[in-house]
Amino acid sequence: MKTRVAIIGAGISGASIARVLSKYENLEVHLIEKAPDVGWGVSKANTALIHGGYDDDPEKYPMRAKLCIRGNRLWHQWVKELQIPHVWNGALIVATKEEDFDELEKLLERGHKNGVPEMRIIDRDELFHLEPGLTREAIGALWVPIVGQIGPIPAVIALVENAVANGVKTHLETEVRGIKVENGEVRGVETNNGFIEADIVINAAGLYADEVARMAGIDYFEIHPRKGEYYLFDDDVPGPGRVLFPTPTPISKGIVVTTEISGHLMIGPNAQDLPPEEKDNLATTEEGLREVWEGAKKLWPNLPPKSRVIRTFAGLRPEPTGGDFIIKAEEEVWGFINVAGIRSPGLTSAPAIAYEVAEIIQRDLGINLVEKEKWNPYRKEITHFFMLPPEKANELIKKNPAYGKIVCRCNHVSEGDILEAIERMKFIGVKTPSVDSVKFRTKSTTGTCQGSFCRPKIVQLLAKEYGVEPWEVTLKGKGSEIGIGDVKALLRGEEA
Amino acid sequence: MEPMPQISMLSYDVVVIGGGPAGMAAAVKAKELGLNVLLLDENDYLGGILPQCIHPGFGLHYFKEELTGPEFASRLAKRLVELGVEYRTAARVLEIKNYSDLEKVVIFTSPAGVYQVWTKAIIYAAGARERHAFEIGIVGDRVAGIYTAGEAQTLMDIYGILPGKEVVIVGSGDVGLIMARRFALEGAKVKAVIELMPYPGGLARNVMILRDFNIPLYLSHKVVEVRGRGRVQRVKVVRVDENLNETGEEFWIEADTLVISAGLIPSVKKLKKIGVEIDPATGGPVVNDRLETSVPGIFVAGNSLLINDLVDYVAEQGELAAESAKEFIEKGGIESRKWVKVRKGQNVRLIAPHYLSGDRDVYLYLRVARPMENVELRIPEIGKKLRLPVVKPAEMIRLKLRAEEIQKASEKLTVEVVRA
Ligand SMILES: Cc1cc2nc3c(=O)[nH]c(=O)nc-3n(C[C@H](O)[C@H](O)[C@H](O)COP(=O)(O)OP(=O)(O)OC[C@H]3O[C@@H](n4cnc5c(N)ncnc54)[C@H](O)[C@@H]3O)c2cc1C
Ligand SMILES: Cc1cc2nc3c(=O)[nH]c(=O)nc-3n(C[C@H](O)[C@H](O)[C@H](O)COP(=O)(O)OP(=O)(O)OC[C@H]3O[C@@H](n4cnc5c(N)ncnc54)[C@H](O)[C@@H]3O)c2cc1C
């Protein structure tokens, strides 16, 4: 009989684990997520960097130090296998004072310890040759070429699609509310959609990993949210070619200035600690954004006027007691594996975390994992009209005219792209139609106009493909419906 | 010139980009003048934003009667069809290339394929886009229930969806006020219209809506924050001082819907890419009195030129652009012995066209920076004076200058609005 594995949480951690575990013949893998779609937790709003692995102190944070650089190396391979949007543009940690070089030397040394290749300190001339837009106060930098950026939600989506293609079962809008433990062994998870039997339960619940652990009687750690806010600018605002960090202080890694993978200048995040009960407080604040602006200006003085901002957003880092990732099989409850406290650099580390979990299953739970004869490592990205050369676009349009029709005018997303996205949503089990699900797969609504032209059209397409009324289509899951009924609903005295 | 394999090629005298009132009027005129014209619009229907403007108030000048938006659009569309103007809907222009004065390429995509169109002249009439919540600095939760006015209007009057029932409107311009009425007419409660400036931003006839429907207007206030789970639950409003800085005075309004009507911005990114000079005041291109941009043979009309309040002027600009395209094609360029530069004087916030030849009569379109009563509009260089009882930023001033008047100026003329 197969060993049944329940993974709680379809963020970058859970999705990576699902993909890696889908390789094995003798596992039956269930991926359980309370949100309507995958990747909507911590993995949704972050800096999206594949870090270099130089700044986690191996003495203090051994897991982070080990898994970050490994994750970086694995991502170089995974982005190709899974066609995840990415760029390997390297990072500069910029010095503006002589003392900063001491700190950079420390990072360099730590990087060497952690096995980071190709790092070096560069002088002012080379620095300005690379980034002429930097503050004139810059005097040198640490250059880390292996740093890159990926689309974090597209990455989660790609991983889950690949996992599902390899036999993983998803359970979306399924919230784990209890964990059944008998005789010191896990038996399964209780959810709003019934009981799911499992021999192994993997807790990859992000901000809520402490609550899930407590359901299994494990309470030695707590997770508190630390908010980070961002500005995103229009795509014609000039940004740097590389990821720019200030020299870190003991308190913070500092505000990053970068051009994200879609070509928008992005600045952030700050760091603000919130009480544990505010795990859903994703509101941006005037103070936080002011801090981001001031911080970014120190590195990149030519910030455009505020009217060129196209979006602001916030994310919450799941900060664990102790500060290091908690990745282990818990001895008191056989079969319960924590993947908790996955704060930064969790996105980077995710592939390495997944292999670590496979290792734990073999080593600590003594389950011999048998590789499938046929396992498909590949996954194709959906069509993006804006990436097609005209002759390719034409071929596609001849086969399916929907590809010739532009829905999102800012980013040139076609109706064909959107219909493909909806098919992919259904493939991984998305039940509630949401504009955000389409947005993260196609980039529609993320341009200059932020969806004011195309959102109504996307709503129509979702309503049709899901067979619901257009006002029942949501922005981001139940409770965020686009409308309250048809236009006469209130006058008739009915409303949805 | 790079050849593009396997892409269907078309060839026209003039391509009109955008099928709103500006583009339709331009295409009709171009056809009447005997030009071989192609009109392209990305939507499934012609009319631009007019089909969603179901209220009356359109066409008093152009058709000499009061029409609704859809009526105005269908009249123009009828003329277009009668004349046999070639047009394509669901056709989005992706790129414009300017090889030489009379050789330009427009690349568009449509359900029939990607096309490259060779053309001598281009009339750019792509309209405007709306400022959204992020651009005006609203912070808080990113939830459902926040719409631009145009999006709310599209949902209601193109797709028949009611966005919400308790509404706060940001901006007391025409669009905001019209949307306030639109929601009220469908039984929603419009809890407030919030206006940053110390005076309302709309035409007087639209400000009346507030009284008719008993809607509170907060002048010198702004919405700064939205909170809610899933959907908007409340919005935070603060009072601003004379310098528009936030005072400490603030309050919350419970609402499930926030409609942003904070102004329009000409959609000119595609023009910027090919080096067309933009006027930061209008947000549209710098043009001469033929509505020609800094790239010869590319003309602009309607809300892409500058934000208009009246569709009649939009159509008038479209016609002028078509006449100019004809002149451009026939003469191989728009020439003038001299160009008189139009300068903004006191209390003039924006003005177009920017350069006048003196070879023809022109309409100047301008807006003031501040409302004033009992003023004189003056152009000292040519001794022109015009008495106006009131001027408001909300109401565009259209001023006719005769060729002889313009000829009196040497290099520049300054338009100012001063106390009489
Ligand atoms: C501001 C910020 C910046 C960052 N920058 C970077 C960076 O540049 N590089 C980097 O490497 N890392 C970065 N990180 C860290 C990185 O984003 C996280 O480490 C990573 O996304 C965590 O992924 P996860 O899968 O563990 O958690 P999540 O993505 O939160 O996934 C957990 C999932 O579990 C679900 N869940 C929770 N409870 C339950 C339940 N009871 N039942 C069912 N499902 C449940 C949630 O809905 C969620 O989808 C940043 C983080 C933040 C906040
Ligand atoms: C709510 C509201 C109320 C109004 N009320 C009144 C009123 O009462 N009276 C009045 O006179 N005026 C009113 N107006 C103003 C009037 O409607 C506008 O001034 C006028 O429609 C602008 O016309 P246009 O042709 O410049 O642009 P639009 O009508 O915006 O048309 C531009 C067209 O170009 C298309 N397009 C853009 N880019 C491309 C591309 N790359 N490829 C293909 N197609 C493209 C767009 O999709 C659009 O269809 C109102 C406007 C609004 C928003």
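The legends below describe close-up views of a predicted model.

Residues are numbered from 1 along each chain as its sequence is written, chains are lettered from A and ligands numbered from 1 in the order in which they are written. In this predicted model, local features need pLDDT of at least 70, side-chain atom pairs count only at pLDDT 80 or more, and totals for chains, interfaces and linings use all residues, while side-chain values use heavy atoms, with hydrogens and water left out.

**View 1. Overall dimensions and surface of chain B.**
Chain B contains 8 helices and 29 strands; these are DSSP runs numbered from the N terminus, helices being H or I of at least four residues and strands E of at least two. Its C-alpha atoms fill a box of roughly 60 × 55 × 40 Å along the principal axes. The radius of gyration of chain B is 22 Å, which agrees with the value near 22 Å for a compact globule of 420 residues; it is taken over C-alpha atoms, and the globule rule is 2.2 Å times the number of residues to the power 0.38. Of the 420 residues in chain B, 61% are buried, where buried means under 20% relative accessible area, exposed over 50%, and partly exposed in between, with a 1.4 Å probe and protein chains only. Among the contacts in chain B with a separation of 6 or more, 62% link residues 24 or more positions apart; a contact means heavy atoms within 4.5 Å.

**View 2. The five-stranded open sheet of chain B.**
This open sheet of 5 strands has mixed pairing and the order β24-β22-β29-β26-β27 in chain B. The edges are β24 (355-356) and β27 (384-391) of chain B; each has a single partner strand, so one side of each is left without a neighbour in the sheet. Strand β22 (residues 340-344) of chain B runs antiparallel to β24(B), joined to it by 2 bridges; two strands pair if DSSP finds at least two bridges between them. Val340(B) is opposite Leu356(B) of β24(B).

**View 3. Arg349(B) and its surroundings.**
Arg349(B) belongs to strand β23 (residues 348-352) of chain B and is partly exposed, with 41% relative accessibility. Residues in contact with Arg349(B), leaving aside those up to four places away in sequence, are Ala281(B), Lys344(B), Arg367(B), Val368(B) and Ala369(B). Ala281(B) is 68 residues from Arg349(B) in sequence, and their C-alpha atoms are 6.9 Å apart.

**View 4. Strand β21 of chain A and its two partners.**
In strand β21 (residues 336-340) of chain A, 5 of 5 residues are buried. In a regular strand the side chains alternate between the two faces of the sheet. Both faces of β21(A) are covered, with Phe336(A), Asn338(A) and Ala340(A) buried on one side and Ile337(A) and Val339(A) buried on the other. Strand β13 (residues 200-203) of chain A runs parallel to β21(A) and is joined to it by 3 bridges, with Ile202(A) facing its bridge partner Ile337(A). Strand β20 (residues 326-329) of chain A is antiparallel to β21(A) over 4 bridges, and Lys328(A) has Asn338(A) as its bridge partner. The hairpin of β20(A) and β21(A) has 6 residues between the strands, and Gly335(A) takes a positive phi near 95°.

**View 5. The three-stranded open sheet of chain A.**
Here 3 strands of chain A form an open antiparallel sheet in the order β3-β8-β4. The edge strands, β3 (49-50) and β4 (86-87) of chain A, each pair on one side only. Strand β8 (residues 148-150) of chain A is antiparallel to β4(A) over 2 bridges; Val87(A) stands opposite Gln149(A) of β8(A).
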